[in-house]
Amino acid sequence: MTGSLRTETQGTDAPLSGSSALGGSGSSALRGSRSLAGAPVVPGVGYGPVIRPGRRTEVPTDTSVIEEAERGTELERFRTAASVVAGRLRGRAELATGAASEVLSANAAMAQDRGWIKAAEKLIGTGSPATAAADAATEQFAAMFIKLGGLMAERVTDLRDIRDRVIAEILGAPEPGVPTPTVPSVLFADDLAPADTAGLDAALIVGLATSLGGPTSHTAIIARQLGIPCVVAVAGLDDVPEGTSAVVNGVTGDIVLDPDAALAERAVNEARAELDRVSHWSGPGRTSDGHPVDILANVQDGAGARAARTTAADGVGLFRTELCFLDRDTEPTVDDQAEIYSQVLDAFAGHKVVIRTLDAGSDKPLRFANHADEANPALGIRGIRIAEQDRGILYRQLDGIAAAAEATGSAPWVMAPMISTAAEAEAFAADTRARGLKPGVMIEVPAAALLAEHILEHVDFLSIGTNDLAQYTMAADRMSSQLAALTDPWQPAVITLVAHTAKAGAAAGKPVGVCGEAAADPLLACVLVGLGITSLSAASAAIAHVGAKLSTVTLEQCKEAAAAALKTDSSTAARAAVAAILN
């Protein structure tokens, strides 16, 4: 390829390195009337007219009181509508795979959540119309989720989408959603519900941008699986009229409006050619001079593991066990857990599989864990701290993993989340080794990164969760679109903590991996390898991008890029410094 994309902002050329950031190089110039910027989450370049989701069904401002004799009928209207919506979402989940299936299943369960249903039924019982009751019950839970913050706050979008679908069903109105364009288009929205994102046709929706959301939002996760270039947390997006031609660059986070059509098409073709090259990467993970790097997959269940097995992933670097249990009222038995874990171990038989014990609490509460109400759940009882409240939950999970290991003839690695002290690591390692398992811990808390050498005295490996590490290092909610720049894993403070942890691992002769979103960024992955990271674990859709990029650079180039990033004072400067070396 030959070309670097540029955009014109107020008469000044500003670099927009799209295809080059995907691994190529070049010199084409892309200009537009103006540009916007956000957080890039899915690589690629999309070009087309802007479309927006259809208008949602307005909640009727019905203040009438349903007569007592008619309330049973009104109650049935609501229950039927909720059941129909849940059924539709379950049907779509069965047709989807991976993250899309998981999120749609979770939303189907939300449509029949007992708490939400009972809140609406109570209102109908006092005379509220079904539509008004659905709306009021939704806002009651939305306020609760917003107060909790984190991923729970993000679920407000999902909950309100359920409300809109139920109300549309009650009224006999069309189901809300994204219109099907007649030509390839880019979709701009405040945010998208999982049901809308999972149903997108990647042949017609060639780019996606939202004004809300973050790199780990449902929109980003599903867009990554679908391979749609995506940018989130874009300021000024709401002001762009439908029909405006736009280029969405999912590598740099730039959006160019009203670009030169010929140059825009060229940019798309260059990016497509690079993506085609990437798709042919078949592993194993190594730099161009042969330095080995494990390229692993993040999975959430057996289905996700089987899908990941079709990629060139060397194994599983993060099995998020809590996602299997979020919708359960009671704790699964040891046998139930062993069956779930065995599915993942079987999918990657003979390969490395790293299982994370329950990372529950905060934005992922488990009904059976008896979470107390906390003023700040993200800083409260979550992850390994739950074991301090009920050691039995951890013991039974470790028993289930050990049983699965024996049944499958596997030797999984097991790590604990939210470790803050060496003493916590020591206790977890003892419990894990007692069951014949290999112990490690997550580095997500700055204190753990700073004391990595002491923690490594007790465990066999470390895995850095850059999502939470960025959140706690920068004191910024990682799900806040307004704070997305602060929680960018390119922040030099975060990279410095990663460097310290990797150095401790090298000194101890023990592996240190990264399993957060940073590992899915091909350019940042090279920096991580240069810092001494030994494995990278990412969503299945990112595996080839990361592996292909590493195969084009030497270990020395990675070290040079890492040194350059550590000398900068902002995420923007870090990206630019590394791009200058590696692109």
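**A first look at this predicted model**

Leaving aside neighbours within four places in sequence, arginine 155 is in contact (heavy atoms within 4.5 Å) with Met110 and Phe145. This is a predicted model, so local features need pLDDT of at least 70 and side-chain atom pairs count only at pLDDT 80 or more, while totals for chains, interfaces and linings use all residues. Residues are numbered from 1 along each chain as its sequence is written, and side-chain values use heavy atoms, with hydrogens and water left out.

**Around arginine 155**

- Arginine 155 sits in helix H6 (residues 150-171); helices (H or I, at least four residues) and strands (E, at least two) are DSSP runs, numbered from the N terminus.
- With a relative accessible area of 28%, arginine 155 is partly exposed, where buried means under 20%, exposed over 50% and partly exposed in between (1.4 Å probe, protein chains only).
- Methionine 110 is 45 residues away from arginine 155 along the chain, and their C-alpha atoms are separated by 9.9 Å.

**The eight-stranded sheet**

- Eight strands make an open sheet with mixed pairing, in the order S3-S10-S9-S5-S6-S7-S8-S4; two strands pair if DSSP finds at least two bridges between them.
- Strands S3 (34-37) and S4 (39-42) stand at the edges with a single partner strand each, so one side of each has no neighbour in the sheet.
- From one strand to the next, the twist averages 30°.
- Strand S5 (residues 45-51) and strand S6 (residues 185-189) run parallel and are joined by two bridges, and valine 50 stands opposite valine 186 in S6.
- Helix H9 (residues 261-279) packs on the sheet, touching S5 and strand S9 (245-249), and its direction makes about 130° with that of S5. Axes here are lines fitted to C-alpha atoms, for helices over the stretch in contact, and angles run from 0 to 180 degrees between N-to-C directions.

**Cysteines**

- Search the whole structure and you'll find zero disulfides (pairs of cysteine sulfur atoms within 2.5 Å).
- Cysteine 526 has cysteine 558 as the closest cysteine sulfur, but at 4.6 Å that is too far for a bond.
- Cysteine 526 is buried, with a relative accessible area of 0%.
- Cysteine 230 counts as buried too, because its relative accessibility is 0%.
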